[in-house]
Amino acid sequence: MQGQIALVGMMGVGKTAVGQEIARQLGVVFTDIDTEIERAAAMSIPEIFARDGEAFFRNRESVVLQRILEGPRGVVSTGGGAWIQSQNRTLIRASGIAIWLDADIETLWARVRQRPTRPLLLTANPKETLQTLIASRRPVYSSADICVTTDSHSDIETTARRVIAAIRRDRPEMLEGK
Ligand SMILES: Nc1ncnc2c1ncn2[C@@H]1O[C@H](COP(=O)(O)OP(=O)(O)O)[C@@H](O)[C@H]1O
Ligand SMILES: O=C(O)C1=C[C@@H](OP(=O)(O)O)[C@@H](O)[C@H](O)C1
Ligand SMILES: [Mg+2]
């Protein structure tokens with residue numbers, strides 16, 4: 001593999017689950033940035049937001065992202081806000097390619113509503129908050145290298161295969177040696 005494959009996109013779209021499956025199918029290392037932040041801080045994401053605030057979390061996110069991108073080549077799943085920061089986009093572009101996983105609001109909402117692990121959605125109307133976040137972030141996600149759309153009918157394994165097929169089609173040099 002010629003660089004890092006980074007997954008970006010809204011919370012609940014499946015970056016963590018699909019990223020892990022892409023890495024399994026390609027036989028490369030998988031890293032989830034949120035998991036690495038939690039490990040380094042010995043705290044959960046909701047605990048970090050509650051104790052230190054979002055700005056602190058964003059700082060940790062950039063530091064951990066840089067460290068992971070400098071490591072062995074593989075698949076890196078980011079948190080939904082990572083690609084929104086321009087310095088993170090620069091880091092990801094310099095190390096490989098960004099895949100935007102996209103889905104409609106109903107698909108995202110069905111997946112995120114089940115678990116209270118996303119502090120940005122602890123609002124009076126979390127679905128509306130999700131919708132507002134999508135509207136502000138979609139133009140930024142669209143600057144990723146490749147977009148793959150998922151929906152409630154595509155399972156994790158199928159979505160992973162479609163991502164790999166899209167990379168093979170658009171950026172075949174990325175998968176050389178694979
Ligand atoms: N087709 C699918 N693709 C991706 N995730 C799915 C799919 N169907 C259900 N899920 C579930 O949706 C939830 C959110 O996925 P996750 O990987 O945590 O998203 P993200 O990391 O983008 O926030 C998980 O429980 C995952 O197993
Ligand atoms: O969209 C965001 O700003 C966030 C998404 C989360 O990751 P997932 O996209 O993996 O849920 C996590 O990094 C944090 O709760 C903030
Ligand atoms: Mg995730």
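# Exercises on helices, core and ligand shells

H7 bends by about 30° at Ala-135, and within four residues a proline, Pro-139, follows. The bend is the angle between axes fitted to the seven residues ending at a residue and the seven starting there. This is a predicted model, in which local features need pLDDT of at least 70 and side-chain atom pairs count only at pLDDT 80 or more, while totals for chains, interfaces and linings use all residues. Residues are numbered from 1 along each chain as its sequence is written, and chains are lettered from A and ligands numbered from 1 in the order in which they are written.

## Exercise 1

Compare the span of helix H7 with its expected span.

Solution. H7 covers residues 126-141, which is 16 residues. Step two: take the expected span, 1.5 Å times one less than the number of residues. Step three: compare.

## Exercise 2

Assign Leu-69, Asn-59, Ala-50 and Ala-42 to an exposure class.

Solution. Step one: set the limits. A residue is buried with 20 or more other C-beta atoms within 10 Å of its own, exposed with 12 or fewer, and partly exposed in between, the C-beta atoms being placed from the backbone. Step two: apply them.

- Leu-69, in helix H4, is buried because it has 20 C-beta neighbours inside 10 Å.
- Asn-59, also placed in helix H4, has 13 such neighbours inside 10 Å and therefore counts as partly exposed.
- Ala-50, in helix H3, has 12 other C-beta atoms within 10 Å, so it is exposed.
- Ala-42, in the loop between helix H2 (33-41) and helix H3 (45-52), has 7 C-beta neighbours inside 10 Å and so is exposed.

Step three: check the backbone of Ala-42. Its phi is near 55°, a positive value in a residue other than glycine.

## Exercise 3

Describe the largest nonpolar core and the contacts of Ile-99.

Solution. Step one: a nonpolar core is a set of buried Ala, Val, Leu, Ile, Met, Phe, Trp, Tyr and Cys residues joined through C-beta atoms within 7 Å. The largest has 40 residues, and those with the most contacts inside it are Ile-5, Ala-6, Val-8, Ala-98, Ile-99 and Val-163. Helix H4 (residues 54-69) gives the most to this core, with five residues. Step two: count a contact when two C-beta atoms, placed from the backbone, lie within 7 Å. Leaving out residues up to four places away in sequence, Ile-99 touches Ile-5, Ala-6, Leu-7, Val-8, Ala-144, Ile-146, Val-148 and Val-163.

## Exercise 4

Describe the shells around ligand 1 and ligand 2 by residue class.

Solution. Step one: a residue is near a molecule or strand if its C-beta atom, placed from the backbone, lies within 6 Å of it. Ala, Val, Leu, Ile, Met, Phe, Trp, Tyr, Cys and Pro count as nonpolar, Asp, Glu, Lys and Arg as charged, and the others, Gly among them, as polar. Step two: ligand 1 is surrounded by 15 residues, the closest being Gly-14, Lys-15, Thr-16, Ala-17 and Arg-111. Its shell divides into five nonpolar, seven polar and three charged residues, and H1 gives the most, with four. Step three: the residues around ligand 2 include Lys-15, Thr-16, Asp-34 and Arg-118. That shell has four nonpolar, four polar and three charged residues.

Note on methods. Helix = DSSP H or I, 4+ residues; strand = E, 2+ residues; numbered from the N terminus.
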